[in-house]
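Please read these points with the model open beside you. They are meant for someone who has not looked at it before.

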Amino acid sequence: MFQNFFSSISKFRRLAINSYLDLLFPPFCRYCRSEHERPGNPLCAHCEAHVEWIHFRCLLCGAPVLNPGKGEKCIECRGRRLYFDSNNSLALYSGVIRDLILQFKKPNDPEILNYFSELISGFIHQNSAVRLLKNSNAPRREVILVPIPTRFFKRVLKGDPAMEMLTQSIGKRLGFQVKNLLKRSRNVSKQSELNRESRIKNQSKVFVVRKAVPKNSSVILIDDVVTTCATISDAARALKKAGASSVHVYSVARSI
Ligand SMILES: [Zn+2]
Ligand SMILES: [Zn+2]
């Protein structure tokens, strides 16, 4: 009872402090920079309405399609060997979301981190990974959230790894354990400086596992932007080789 009483007081104090801070520093939109009345949201309603959400996606690689079909590969992933079971991206990597992701990569931006965490958590919750867990006929599997590791130079230059913080936040919301199971075995050229073919080759056999992966575990891999799927496919290859039975990827945006 006392615990409830004190937690109500501290909640009230937190709300009071937040309202006070909102008065002093009214929330502003991270895209158009105008003030808005949506505390905790990095976008104003107008800019959020311009995000290009992906409504129908390829059931394997997550590329936007007009008709999702019944699981056949789309033009982006046909003829390719992809090791993950599905990629699920929220939006197209353009305009508002592209700008927000570039800001998110700078350290210490809790507002954008919370926004992405809430969106991805909701997406995972309503999607296949959770349905699979609820299926009583399926064998019970350990679910582990794993972030795509930050490149070494980025970590040194920019400090706190945003992907790991985002994955921790999603884990807390959904009650799933988070493990940093992956590391890069070699440094590769920056993907954005290469053409499509070179990007795919560049990411082959880059990841290795850094600790044991529980046998038959279901891994949910978290990434910010998926482009050719080469990075997430290589990460899934390493995780499955080490014992994971499925790897579903959730990402903020898909660039095509
Ligand atoms: Zn705006
Ligand atoms: Zn596809």
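1. Strands β2 and β3 pair in the parallel sense, over two bridges. Strands pair here if DSSP finds at least two bridges between them; strands (E, at least two residues) and helices (H or I, at least four) are DSSP runs, numbered from the N terminus. Within this pairing, Leu 145 stands opposite Val 178 in β3.

2. The model is predicted: local features need pLDDT of at least 70, side-chain atom pairs count only at pLDDT 80 or more, and totals for chains, interfaces and linings use all residues. Residues are numbered from 1 along each chain as its sequence is written, while chains are lettered from A and ligands numbered from 1 in the order in which they are written.

3. Strand β2 is also joined to β6, by five bridges, and the two run parallel. Ile 144 stands opposite Val 219 in β6.

4. How many of the residues of β2 are buried? Five of its five are, so the strand is mostly covered. A residue counts as buried if 20 or more other C-beta atoms lie within 10 Å of its own, as exposed if 12 or fewer do, and as partly exposed in between, with C-beta atoms placed from the backbone. Val 143, Leu 145 and Pro 147 point one way, and Ile 144 and Val 146 the other way. In a regular strand the side chains alternate between the two faces of the sheet.

5. Helix α7 covers residues 162-174. Its 13 residues should span 18 Å at 1.5 Å a residue, the expected span being 1.5 Å times one less than the number of residues. The end C-alpha atoms are 19 Å apart, which agrees. Just after α7, Gly 175 takes a positive phi of about 75 degrees.

6. Which residues of α7 are buried? They are Ala 162, Leu 166, Thr 167, Ser 169, Ile 170 and Gly 171. These pack against α3 (95-104), α4 (110-126), β2 (143-147), β3 (177-178) and β6 (218-226); contact requires C-beta atoms, placed from the backbone, within 7 Å.

7. Asn 216 lies in the loop between β5 (207-209) and β6. Asn 216 is not a glycine, yet has a positive phi of about 60 degrees. Asn 216 is partly exposed, with 13 other C-beta atoms within 10 Å.

8. Cys 229, in the loop between β6 and α9 (230-241), is not a glycine either and has a positive phi of about 75 degrees. Is Cys 229 buried or exposed? Cys 229 is buried, because 25 other C-beta atoms lie within 10 Å.

Definitions and conventions. Two residues are in contact if their C-beta atoms, placed from the backbone, lie within 7 Å.
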